[in-house]
Amino acid sequence: MTQANIEFARHSFEAGDSNCGEPAGLAHLYPVVDSADWIARLLPMGIRTVQLRIKQGDPCELEREICRAIALGREHNACVFINDYWQLALKHGAYGVHLGQTDMPKADLSGIATAGMRLGVSTRTADELITAIRMRPSYLAIGHIFPTPTKQMSTPPQGLATLKQHVQTVAGGIPTVAIGGIDLGRAADVWQTCVDAVAVVRAVTESRDLTDDLARFNTLLARRKEVVCD
Ligand SMILES: Cc1ncc(COP(=O)(O)OP(=O)(O)O)c(N)n1
Ligand SMILES: Cc1nc(C(=O)O)sc1CCOP(=O)(O)O
């Protein structure tokens with residue numbers, strides 16, 4: 001990330017929600033999926049925040065998917081974030097964009113801020129977290145928490161204790177999202193760290209009974225046991 005980008009971004013990103021019914025655009029459960037078809041399936045099931053993450057494919061098809069995802073978000077009044085493709089997200093008026101550390105130097109952060117788009121930023125280490133906090137994005141993603149086969153990682157899993165420390169470092173200033181290896185079995189412990197949202201890929205895309213699993217996530221993420229989070 002360049003210093004200029006950090007400086008410019010400060011104070012600029014939309015934090016609150018204006019149109020999708022969730023504070024900071026973040027529902028407690030945040031599925032990350034690779035097609036607009038998935039988004040079309042999830043939004044009528046009550047998912048309020050979702051990310052379209054397409055890692056490869058034909059550029060025309062990609063733009064069609066992004067357009068459809070954004071339109072579905074508008075139709076369902078949901079918060080749809082677009083991963084990586086900030087130019088297309090800007091062009092088609094996405095609710096928000098999610099960027100990794102390597103995406104950041106190339107991205108037009110001022111354009112994203114000026115358009116009123118939300119910005120989610122990935123962090124993998126304490127240093128990345130500190131740098132990202134200074135940008136004041138709409139949310140900070142912290143990952144990966146547990147091993148995951150979904151994506152090749154160059155860093156070790158951060159684990160629950162580090163997640164908890166990072167959430168405390170952010171201290172409620174910016175909403176936090178935990179990602180990586182989170183399923184129904186692990187979500188309760190993750191939730192006890194006071195993180196604001198839980199992002200999942202396989203827990204949704206490989207679910208054998210999505211209605212039931214989403215209901216179980218909702219119950220689990222509706223309250224925290226014996227911890228008080230600000
Ligand atoms: C909610 C959320 N957190 C982290 C990521 C990872 O984003 P990034 O670092 O840009 O890596 P890729 O997704 O592009 O592989 C994410 N997408 N969503
Ligand atoms: C897309 C992504 N980003 C991560 C990060 O740590 O930045 S982990 C991840 C994949 C998470 O998949 P699953 O829920 O199937 O483990």
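The buried residues of helix α8 pack against α7 (159-170), β7 (176-179), β8 (197-200) and α10 (210-220). Here a residue is buried if 20 or more other C-beta atoms lie within 10 Å of its own, exposed if 12 or fewer, and partly exposed in between, with C-beta atoms placed from the backbone. This is a predicted model, in which local features need pLDDT of at least 70 and side-chain atom pairs count only at pLDDT 80 or more, while totals for chains, interfaces and linings use all residues. Residues are numbered from 1 along each chain as its sequence is written, and chains are lettered from A and ligands numbered from 1 in the order in which they are written.

**The chain as a whole**

- The protein chain has 10 helices and eight strands. Helices (H or I, at least four residues) and strands (E, at least two) are DSSP runs, numbered from the N terminus.
- Of the 230 residues in the protein chain, 41% are buried.
- Two residues are in contact if their C-beta atoms, placed from the backbone, lie within 7 Å. Take the contacts between residues at least 6 apart in sequence: 56% of them join residues at least 24 apart.
- An unreviewed UniProt entry places the feature "domain: Thiamine phosphate synthase/TenI" at residues 35-204. UniProt positions are given in the numbering used here, feature names are shortened, and annotations may be inferred rather than shown by experiment.
- Over residues 35-204, the chain is 41% helix and 18% strand. The end C-alpha atoms of that stretch are 13 Å apart.

**Helices with a buried side**

- Helix α8 spans residues 184-191, and its buried residues are A187, V190 and W191. They cover an arc of only 90 degrees around the axis, which puts them on the same side of α8. The arc is that of the directions from the helix axis to the C-beta atoms.
- G185 and A188 are exposed, on the face of α8 turned away from its buried side.
- Helix α6 (residues 126-135) has L129, A132 and M135 as its buried residues. These fall within an arc of 110 degrees seen down the axis of α6, so they line one face of the helix.
- An α-helix has 3.6 residues a turn, so residues three or four places apart point the same way.

**Strands and their partners**

- Two strands pair if DSSP finds at least two bridges between them.
- In β1 (29-33), five of five residues are buried. L29, P31 and V33 lie on one side, and Y30 and V32 on the other.
- β1 runs parallel to β8, joined by three bridges. P31 has V200 as its bridge partner in β8.
- β1 also pairs with β2 in the parallel sense, over two bridges. The bridge partner of V33 in β2 is L52.
- β2 and β3 run parallel too, with four bridges between them. T49 has C79 as its bridge partner in β3.
- Five of the five residues of β3 (residues 79-83) are buried, so this strand is largely enclosed by the rest of the structure. C79, F81 and N83 point one way, while V80 and I82 point the other way.
- In a regular strand the side chains alternate between the two faces of the sheet.

**Two isoleucines**

- I112 is found in helix α5 (residues 109-114). It counts as buried, with 25 C-beta neighbours inside 10 Å.
- Leaving aside neighbours within four places in sequence, I112 is in contact with W86, L90, V97, A107, M117 and L119.
- I112 and A89 are 23 residues apart in sequence, and their C-alpha atoms are 8.9 Å apart.
- I54 sits in the loop between β2 (49-52) and α3 (59-76). I54 is partly exposed, with 18 other C-beta atoms within 10 Å.
- Beyond its neighbours within four places in sequence, I54 is in contact with D34, L62 and E65.

**Around the ligands**

- Ligand 1 is surrounded by 18 residues, the closest being G100, S122, A141, I179 and A199. A residue is near a molecule or strand if its C-beta atom, placed from the backbone, lies within 6 Å of it.
- β1, β4 (96-99), β5 (118-123) and β7 each supply at least two residues of the shell around ligand 1.
- That shell has seven nonpolar, seven polar and four charged residues. Ala, Val, Leu, Ile, Met, Phe, Trp, Tyr, Cys and Pro count as nonpolar, Asp, Glu, Lys and Arg as charged, and the others, Gly among them, as polar.
- Ligand 2 is surrounded by 15 residues, and the closest are G143, H144, T148, T150 and V201. By class, its shell has six nonpolar, seven polar and two charged residues.
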